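Subject: The structure for you to look at

Hello! Here is the structure I promised to hand over. Please open it next to this email, and then read on for what turned up.

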Amino acid sequence: MTDEVRITLRLPADLHAWLVAVAKSARRSLNSEIVYRLDGERSAGASGDESP
């Protein structure tokens, strides 16, 4: 990723805690975990796996 944009993101506390735990177990930063998951969803949608 060459261009980056900073955003402010509000998450429910339980979702934040879950993401932190998942990121830690995957040895990723919270930011990297969010990017990883969003990119995976984007790829799944592009390949037609998205349900209506």
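Helices here are DSSP runs of H or I with at least four residues, numbered from the N terminus, while strands are runs of E with at least two. Before going further, please note that this is a predicted model, in which local features need pLDDT of at least 70 and side-chain atom pairs count only at pLDDT 80 or more, while totals for chains, interfaces and linings use all residues. Residues are numbered from 1 along each chain as its sequence is written, and side-chain values use heavy atoms, with hydrogens and water left out.

H2 itself has 17 residues and reaches 24 Å from its first C-alpha to its last, close to the 24 Å expected at 1.5 Å a residue. That expected span is 1.5 Å times one less than the number of residues in the helix.

Now for the loop between H1 and H2. Which residue there has a positive phi although it is not a glycine? The residue is Arg27, with a phi of about 55 degrees, and Arg27 lies in that loop. Most residues other than glycine have a negative phi. Arg27 counts as exposed because its relative accessibility is 81%; the cut-offs are over 50% relative accessible area for exposed, under 20% for buried and in between for partly exposed, with a 1.4 Å probe and protein chains only. Ala26 lies in this loop too, and its relative accessible area of 32% makes Ala26 partly exposed.

Next, the charged side chains. How many salt bridges does the structure hold? It holds three, each being a side-chain nitrogen of Lys or Arg within 4 Å of a carboxyl oxygen of Asp or Glu.

- Arg28 pairs with Glu33, with the closest N and O atoms 2.7 Å apart.
- Glu33 also meets Arg37, at 2.6 Å from N to O; both lie in H2, four residues apart, about one turn of the helix.
- Asp39 meets Arg42 at 2.5 Å, N to O. Since they are three residues apart in H2, about one helical turn separates Asp39 and Arg42.

Salt bridges with shared partners join Arg28, Glu33 and Arg37 into one network. Is Glu33 buried or exposed? Glu33 is buried, because its relative accessible area is 0%. Arg28 is partly exposed at 30%, and Arg37 is partly exposed at 35%.

Arg28 has another contact: it lies over the face of Tyr36, at 3.9 Å from the ring centre. A charge sits over a ring if NZ of Lys or CZ of Arg is within 6 Å of the ring centre and within 35 degrees of the ring normal.

Finally, have a look at the surface. Val5, Ile7, Leu9, Leu11, Leu15 and Trp18 form a nonpolar patch there, with about 610 Å² of accessible area together. Patches are made of residues with over 30% relative accessible area and no salt bridge, joining like charges within 9 Å and nonpolar side chains (Val, Leu, Ile, Met, Phe, Trp, Tyr) within 5 Å. The areas come from the Shrake-Rupley method with a 1.4 Å probe, and for residues only the protein chains shown count as cover. Val5 lies in the segment before helix H1 (13-25) and is exposed at 73% relative accessibility. Ile7 lies in that segment before H1 as well, and is exposed at 67%.

Happy exploring!
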